[in-house]
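Trainee: I have a new chain open on my screen, and I would like to learn how its terms are used. Could we go through them together?

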Amino acid sequence: MSRNGKTAPVPAGGWLDGDQQRAWLAYIRVQLRLAYEMNRQLLTDSGMSLPDYDVLTALSVADRGRMPITVLAAQIGWERSRVSHHVRRMSARGLVTCGLSAADRRVTEVALTGRGRQAQADAAPGHVDLVRRLFFGGLPEGLVGQLGEALESVYTNIIKQGSLPPPVDWHPAED
């Protein structure tokens, strides 16, 4: 019973079993703490936030350092409106530009500037060091490949069953 005296609904597939609950809570703890630590490190070392870094990294590997805002949103897993607001702030700092696509004037494109490319390149070494230390540092070497496979399987399921369109560079593995 809930506090209001009503019976709480049970999920269609039932509650998580013990191993599922343990894995899910471990993931939530890791994800929240890692995001905090990465954001803190980037702000301290480079003056940019983790969301800034996510946008710059996605653009740095895009064709000509540019992509439509809807494609960028799918790439980094954000809603289009969040990307739009965020890239406007980044544009004011000279890290990206936003404007109508030359190919299709109905499409808003985000492009990496030289300053943004340099900021991402300057931030990358410290970010990689932190990821290696915090994420991989506590993981036995023999589990890295297995963890990668497990996370790729989860990601594939999210892409197939989630609400955002798949990123343009997502290619499902052959079954």
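Trainee: Which residues have the most contacts inside the largest nonpolar core?

Mentor: They are Val55, Leu56, Leu72, Val83 and Val87, in a core of 28 residues. Before we go on, note that this is a predicted model, where local features need pLDDT of at least 70, side-chain atom pairs count only at pLDDT 80 or more, and totals for chains, interfaces and linings use all residues. Residues are numbered from 1 along each chain as its sequence is written, and side-chain values use heavy atoms, with hydrogens and water left out.

Trainee: What makes a set of residues a nonpolar core?

Mentor: The members must be buried Ala, Val, Leu, Ile, Met, Phe, Trp, Tyr or Cys residues, joined through side-chain atoms within 4.5 Å. Buried means under 20% relative accessible area, exposed means over 50%, and partly exposed lies in between, using a 1.4 Å probe and protein chains only. In general, nonpolar side chains tend to be buried together in soluble globular proteins.

Trainee: How many helices and strands does the chain have, and what are they called by?

Mentor: There are six helices and three strands. Along the sequence the pattern reads α-α-β-α-α-β-β-α-α.

Trainee: Why is Gln120 called buried?

Mentor: Its relative accessibility is 13%, so Gln120 falls under the cut-off for buried. Gln120 lies in helix α5. Leaving out residues up to four places away in sequence, Gln120 touches Met48, Tyr53, Leu56, Thr57 and Ser60, where contact means heavy atoms within 4.5 Å.

Trainee: Why is Ala111 called buried?

Mentor: Ala111 has a relative accessible area of 6%, so it counts as buried. This residue sits in strand β3. Beyond its neighbours within four places in sequence, Ala111 is in contact with Leu59, Gly65, Arg66, Leu95, Val96 and Thr97.

Trainee: Why is Arg64 called exposed?

Mentor: Arg64 has a relative accessible area of 62%, which is over the cut-off, so the word exposed applies. Arg64 is found in the loop between α2 and β1 (66-68).

Trainee: What is the phi of Arg64?

Mentor: Phi of Arg64 is near 60 degrees, a positive value in a residue other than glycine. Most residues other than glycine have a negative phi. Gly94, which follows α4, also has a positive phi, near 80 degrees.

Trainee: What does Leu34 touch?

Mentor: Leu34 touches Leu134 and Phe135, not counting residues up to four places away in sequence. Leu34 and Phe135 are 101 residues apart along the chain, yet their C-alpha atoms are separated by 7.9 Å. At 16% relative accessibility, Leu34 counts as buried.

Trainee: How do you know that the span of α4 agrees as well?

Mentor: The 13 residues of α4 should span 18 Å, and the end C-alpha atoms are 19 Å apart, which agrees. Buried in α4 are Val83, Ser84, His86, Val87 and Met90, covered by elements including α2, α3, β2 (96-100) and β3. Val83 touches Ile69, Leu72, Ala73, Ile76 and Trp78, leaving out residues up to four places away in sequence.

Trainee: Why does Lys160 count as exposed?

Mentor: Lys160 has 55% relative accessibility, so it passes the cut-off of over 50%. Lys160 is found in helix α6 (residues 144-161).

Trainee: What share of the whole chain counts as buried?

Mentor: Of the 175 residues, 26% count as buried.

Terms used: Helices (H or I, at least four residues) and strands (E, at least two) are DSSP runs, numbered from the N terminus. The expected span of a helix is 1.5 Å times one less than its number of residues.
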